[in-house]
Amino acid sequence: MDIELIELFPNSIKFILSDVSLAFANAIRRTGLAEVSSLVIEDVYVLKNTSPLFDEFIAHRLGLVPLKYDINDLDLNFRDECDCGGIGCNMCTVTLTISKETDNQTTTVVYSSDLISSTEGVEPISSTIPIVKLGPNQALELECMAQLGQGKEHAKWQPVSAMGYQIFPIPKISKDKCTNCLICIEACYRGVFQKVGDNVQVANPLNCTLCGYCLDLCEPGAITINNDPTKVIFSFETNGGMNPATVLTKAGELLISNIDEFKKTLESTLIDKEKES
Ligand SMILES: [Zn+2]
């Protein structure tokens, strides 16, 4: 197996994964989406709300605010697996509070930056996510409980906003059959083909999405688009809470632990069967 990095930004990554099956790439994708945990507000205690929005409306908005935290510094338990029995303690819950009010002259907007965390290093990924606008003489006072969860339970816990892969494309131009009509350059919105000198060439092969639109317009046989089934182009974007390398590492660890668990269960089942017989 080999990984060739194409792009790496704080919140996104694109790489070529070689010598793998599509099933393996899909297992990484599904684990990243559904099983890698993240920290999100789950319970909201409303102490005072005279804003124009219902309590439930505000709680729903707060649940969708992505939180930034360092997974290595903050070693949280899942709440239902914690020693506290799911009541909520500092080993499974991070408390964030909001307290804002206006006088009879002013209006203001409650932003995500108004969430004050009890735990150092936990904060919204952006300070400018609007929660609610307060009119004159209005107040909002809340206590929010953030906890770890998984995307398979609710999409708000997905650490990635898009995660996918495509088969590795191999577009080629036949010099004998190409008439240099340049139609393929106009047709391909991904900019795969470019004119170099007097000829059309494949300039950005990795941009090809295998749509085949150029094949419909071009001289028959002038362009061929094959693929390498042992390679995929993998790309995804995180919601900002974790960096892409952490998400991938966690997905790999979870995949290994799931396979270990399967192996142990299979072995104990076979031993039990042997004892019965
Ligand atoms: Zn706990």
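Biologist: Which strands does helix H1 lie across?
Modeller: In this predicted model, helix H1, residues 22-34, lies across S11 and S14, and its direction runs at about 155 degrees to S11.

Biologist: And what about helix H5, which strands does that one lie across?
Modeller: Helix H5, which covers residues 244-276, lies across S1, S2, S11 and S14, running at about 100 degrees to S14.

Biologist: What is the strand order in the open sheet that has S1, S2, S14 and S11 in it?
Modeller: The order is S1-S2-S14-S11, an open sheet of 4 strands with antiparallel pairing. Strand S1 (2-9) and strand S11 (160-173) are the edge strands, each of them pairing on one side only, and the twist averages 25 degrees from one strand to the next.

Biologist: How many bridges join S2 to S14?
Modeller: Strand S2, residues 12-18, and strand S14, residues 223-238, run antiparallel and are joined by 7 bridges; Leu17, for instance, has Val232 in S14 as its bridge partner.

Biologist: Switching topic, how is the chain divided into domains?
Modeller: The division gives domain 1, made up of 2-34 + 161-237, and domain 2, spanning 38-157, with the C-alpha centres of the two domains lying 41 Å apart.

Biologist: There is another open sheet, with S3 in it; what is its order?
Modeller: That sheet has 4 strands in the order S3-S10-S5-S7, and the pairing is antiparallel. Strand S3 (38-49) and strand S7 (116-117) each have a single partner strand, so one side of each is left without a neighbour in the sheet.

Biologist: What packs on that sheet?
Modeller: Helix H2, residues 55-63, packs on it, touching S3, S5 and strand S10 (139-149), and the direction of H2 makes about 155 degrees with that of S3.

Biologist: How many bridges join S5 to S7?
Modeller: Strand S5, residues 93-101, runs antiparallel to S7 and is joined to it by 2 bridges, with Ile116 in S7 as the bridge partner of Thr97.

Biologist: Now the metal: which residues are the protein donors of the zinc ion?
Modeller: The donors are the SG atoms of Cys82, Cys84, Cys89 and Cys92, lying 2.3 Å from the zinc ion, and in sequence these donor residues are spaced C-x1-C-x4-C-x2-C.

Biologist: Why is the arrangement called tetrahedral?
Modeller: Because the 4 donor atoms around the zinc ion subtend angles of 99 to 116 degrees, all within the range of 85 to 135 degrees that four donors need to count as tetrahedral. The ideal angle for four tetrahedral donors is 109.5 degrees.

Biologist: Is Cys82 buried or exposed?
Modeller: Cys82 has 8% relative accessibility and therefore counts as buried, whereas Cys89, at 25% relative accessibility, counts as partly exposed.

How values were computed
Residues numbered from 1 in each chain as written. Predicted model: local features only at pLDDT ≥ 70, side-chain atom pairs only at ≥ 80, totals over all residues. Heavy atoms only, no water. Pairing = 2+ DSSP bridges. Contact = heavy atoms within 4.5 Å. Axes fitted to C-alpha atoms, helices over the stretch in contact; angles between N-to-C directions. Donors = N, O, S within 2.8 Å, 3.2 Å for Na, K, Ca; no water. Tetrahedral: all angles 85-135°; square planar, octahedral: opposite > 155°, others 65-115°. Buried < 20%, exposed > 50% of the residue type's maximum accessible area, 1.4 Å probe, protein only. Domains from an automatic or database assignment.
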